[in-house]
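Please study the sequence and the structure shown here before reading on.

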Number of protein chains: 2
Amino acid sequence: MTPPRTTLVQVAQRAGVSLASTSRALHGTGASSEMVERVRTAAAELGYRPHATGRSLRMQRTFQVAFAVADIGNPVYVEMLTAIHEVLSPHGYRIVVTSTGDTVASTVDLVRSLDSGFVDGMVISPLRVDDGFVRAVREAAVPVVVIGRALAAHGIDSVSTDSAGGIGAAVTHLLAAGRRRIGFLNGPLDTTPGESRQRGFDAATTAAGFSAELTETELAEDFTVAAGVDAARRLLDRVASAGTALDAIVAANDLLAIGAIRAARERGLSVPGDLAVTGMDDTEIGRVFQPSLTSVSLDSARRGRLAAELVLGLLDGGAEQGQHLTVRPELVVRESSVPAAGTSTAPTRQEDA
Amino acid sequence: MTPPRTTLVQVAQRAGVSLASTSRALHGTGASSEMVERVRTAAAELGYRPHATGRSLRMQRTFQVAFAVADIGNPVYVEMLTAIHEVLSPHGYRIVVTSTGDTVASTVDLVRSLDSGFVDGMVISPLRVDDGFVRAVREAAVPVVVIGRALAAHGIDSVSTDSAGGIGAAVTHLLAAGRRRIGFLNGPLDTTPGESRQRGFDAATTAAGFSAELTETELAEDFTVAAGVDAARRLLDRVASAGTALDAIVAANDLLAIGAIRAARERGLSVPGDLAVTGMDDTEIGRVFQPSLTSVSLDSARRGRLAAELVLGLLDGGAEQGQHLTVRPELVVRESSVPAAGTSTAPTRQEDA
DNA sequence: TTGAAAGCGCTAACAG
DNA sequence: CTGTTAGCGCTTTCAA
């Protein structure tokens, strides 16, 4: 490995022309076809490859975009990453994955580090946001697009979705299915998703004409299956010790919902027979689970795609700053909330049937 | 945004010292404490941030490492990515995710593109490998570590695992549990994992003292749940139309195994009662599934970690080329293959019980 | 259209 | 220990 790298100077020498002409010929900008021919040949013979860093330093562009999240293991973020890659890659951008860390402070640090110029732009989906974060993004050296919260009012590009409304849709669906004692399994309230989803649940359950007999919220430590199992046990037991029982659980995401189903099974409850369960994010894991999970889709792939298109506009298209795009949540009804069949494309018999 | 960037020259001017001294002071290499003090202050006042590209061009290092796979959506690769990030990030390396594409040709192109110098090294887990690939890696401009196949014989660093042996362990486990009519649900044979897993199954089922009555292989189009459902239907129906029935299915990965369980349910078969099913990769989706999936762990996180440590050694430690590390497969018995309880840390009641 | 030359921001010789 | 200087590889003025 490591054969000595061929530089543009060498191509120029071989072609017997100037360095400048060589560069122009390779880019097809203002060069005679004869020149192009000569240079192309020389380049091919030497196996020339333009050096990314030299180019970057001169052009003041890295052709890289960062994607930043707290936990790249989360399927939602993986979907976003895939979509972002699909949009940006054809335009010659590479994707650098970076971690925001768990706290706002580390997230702000990351945004500030942008002025070391290692990327031309960033898509970030922060778990927690505060004024310092907003300021950091506004002062950032390169365009930043935020997924997760509308920040157009601050002149920040963002892509968001109405997850509060999505939770409302889940509640409505359960009420329509005759459920009356609804529990809410949420994650930490000091996160952006936790906060808005709680708001959604509270709004839906205090709405005019709300017909439930009982509502109860329980918070999981984070948005994982394990935390969901724990919190769901607490929730079910608490209600049971009050001498009643839930007939539905709305979970703040699919992983928590799966945790809830496991906890329900432990207690001998059938899903959806005794207990209907809904999730959010419409992840593959939920689609594949048995019973397949009724879930509110927030179309992560679409949010990723839109965010990528926003950075692209900012970088190449000279788009104006402060745009805000929205993705509408959509309830996908499957087996976990309805005893009969769901809308699943490949409906399977229900295990508890 | 985009405040004019502060360069080292400006810091030097402000501190009233030379450019070189400024650089040295900031790196703590051969500078008086007084000098360090002055420069630090000036840098802080100006909010100086070293520019990544300038540094890279001069040092001929990007402090970036690429991670390349065909499909970053696959949970196995996500685990690897996470692990690689955890190892490399503390050493100051950023991770660039790139796609190998589906074919060997595109994979080779990617490896060849390394001499444009956008990263200092690469971890790649290719689906398909041939001589051209091996040559490309050997001629690559930067260290490349391959996950998936032992290539030390070619002087290439690699991390592999005995997936063939892993499949054998699954077969042995099923035989020990009294299963005698075993189907094998594999993916495409022209992929590295498909080929070796098939080899494993064939070896196990033709071994001396092999006690099964019947073995059947069916190939899915790829390693996804949907393809698994299709292939499992074919497999089950084919055996049924021959007037008999399988009592176990070994799947080449967890996603196929889940597909197999769905197909089995469609046909009214209980898992593991009528049909025991095993997977491979020990993914979260399998752990969380109901019934939880017996699976052969290939410890993707560990393979990622080891690969990252290999590049690190090559980059920073001056390690020798051509190392080969192995991860031992481990069978994790859960509900899908054993009627009673599994080894799951959080055992739950069995749905079919 | 072509060539000469400057310079992106930084580090590392080399002298002093 | 400090300063001067060269140069990483490239693109893009500016003149011819």
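## A sheet, a chain contact and a DNA surface

Within S9(B), Thr278(B) is the bridge partner of Val250(B). The model is predicted: local features need pLDDT of at least 70 and side-chain atom pairs count only at pLDDT 80 or more, while totals for chains, interfaces and linings use all residues. Residues are numbered from 1 along each chain as its sequence is written, and chains are lettered from A and ligands numbered from 1 in the order in which they are written.

Strand S8 (residues 248–251) and strand S9 (residues 276–280) of chain B pair in the parallel sense over three bridges. Two strands pair if DSSP finds at least two bridges between them; strands (E, at least two residues) and helices (H or I, at least four) are DSSP runs, numbered from the N terminus.

Helix H11 (residues 254–266) of chain B packs on the sheet and touches S6, S8, S9 and S10 of chain B. The direction of H11(B) makes about 160° with that of S9(B); axes are lines fitted to C-alpha atoms, for helices over the stretch in contact, and angles run from 0 to 180 degrees between N-to-C directions.

The open sheet of chain B has six strands in the order S7-S6-S8-S9-S10-S12, with mixed pairing. Strand S7 (214–219) and strand S12 (330–332) of chain B stand at the edges with a single partner strand each, so one side of each is left without a neighbour in the sheet.

Between the chains, 46 residues of chain A are in contact with 46 residues of chain B, contact meaning that C-beta atoms, placed from the backbone, lie within 7 Å. S2(A) gives the most to the side of chain A that touches chain B, with six residues. Three bridges join S2(A) to S2(B), and these strands run antiparallel. Val97(A) stands opposite Ile95(B).

DNA strand C is surrounded by 25 residues, and the closest include Ala20(A) and His51(B); a residue is near a strand if its C-beta atom, placed from the backbone, lies within 6 Å of it. The largest share of this surface, five residues, comes from H4(B).

Definitions and conventions. Two residues are in contact if their C-beta atoms, placed from the backbone, lie within 7 Å.
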